[in-house]
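Open the model in a viewer and keep the selection panel at hand.

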Amino acid sequence: MKRAAFILGGSFLPVGWMLAAGGLGMVGHMAGHMIAVALAAPLLAYGLSGGRYDLAGRWPGLLSPMAMMLVELFTVWAWHLPALRALADRNMAAMVVEQGCFLMAGWMLWGVVFHAPQRAAGIGALLLTSMHMTLLGALIGLAPRPLYAHMQHSGGLSLDALADQQLGGVIMLMVGASSYFLGGLLLLASLLRDKRVGAA
């Protein structure tokens, strides 16, 4: 099961990269990033959990769910500042760093969450991440003017800058926020089930 999750997570990475770097504007950028943090990262983290690359297992005192939630928050919000977004859109090296930051932040958060002794704190971290992604997605999608008018649109999408931005915000809400929210609910269900079994 873990090997299958790891392979599936790895197969998402080139798809996310092609979308983020394909000149599809904010829609492609957001889809690529959500694939990295909300699809590939949890699958890779689950596939690596309990093994030699399980960071939470190796450094349990250093990595905590709430600390990794803050790393994720900083990464997501910082790279959506218009100036950094413009840099990554114009410079391939910056795009590689940006996509790598998203993947690493997501992997570290999900990896700590999957570490069994920290499941209760992991639930809170996932739900808080869902909340800040909801807020950012709403701010991007409901902004009255284009924040990312510089985005390249060479992939054939016939969207103006504001519509492209609004759709990008919707993608963040649908994929990013829902992934972390559902992850928190599933983790809570497993914790309650284990407590019920233990009480019996």
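**Cavity**

A search of the whole structure turns up one cavity of 30 Å³ or more. On a 1 Å grid over the protein atoms alone, a cavity is a set of points where a 1.4 Å probe fits but cannot get out; a volume is the space filled by probe spheres set on the points, with grid points joined across faces, edges and corners. This is a predicted model, in which local features need pLDDT of at least 70 and side-chain atom pairs count only at pLDDT 80 or more, while totals for chains, interfaces and linings use all residues. Residues are numbered from 1 along each chain as its sequence is written, and side-chain values use heavy atoms, leaving out hydrogens and water.

Select Ala 45, Leu 48, Tyr 53, Asp 54, Leu 55, Ala 56, Trp 107, Met 108, Gly 111 and Val 112: they line the largest cavity, that is, have an atom within 4 Å of a point. Its volume is about 60 Å³. Helices α2 (25-48), α3 (55-58) and α6 each supply at least two lining residues, and α6 gives the largest share, four. Helices are DSSP runs of H or I of at least four residues, and strands are runs of E of at least two, numbered from the N terminus. The lining divides into eight nonpolar, one polar and one charged residue (nonpolar: Ala, Val, Leu, Ile, Met, Phe, Trp, Tyr, Cys and Pro; charged: Asp, Glu, Lys and Arg; polar: the others, Gly among them).

**Pocket**

Next select Pro 42, Trp 110, Phe 114, Gly 183 and Leu 186, which lie nearest the centre of the largest pocket among its 14 lining residues. A pocket is an open set with protein on both sides within 12 Å along at least five of seven lines. About 300 Å³ of space lies in the largest pocket. Helices α2, α6 and α8 (161-199) each supply at least two residues of this lining, which has twelve nonpolar, two polar and no charged residues.

**Helices α5 and α6**

Now show α5 (residues 82-90) and α6 (residues 92-113), whose axes come within 5 Å and cross at roughly 120°. Arg 85, Leu 87, Ala 88 and Arg 90 of α5 meet Met 92, Ala 94, Met 95 and Glu 98 of α6 (contact: heavy atoms within 4.5 Å). Five of these residues are nonpolar, none polar and three charged.

**Whole chain**

Zoom out: the protein has eight helices and zero strands. Its C-alpha trace spans about 60 × 30 × 25 Å along the principal axes.

Methods
Axes are lines fitted to C-alpha atoms, for helices over the stretch in contact, and angles run from 0 to 180 degrees between N-to-C directions.
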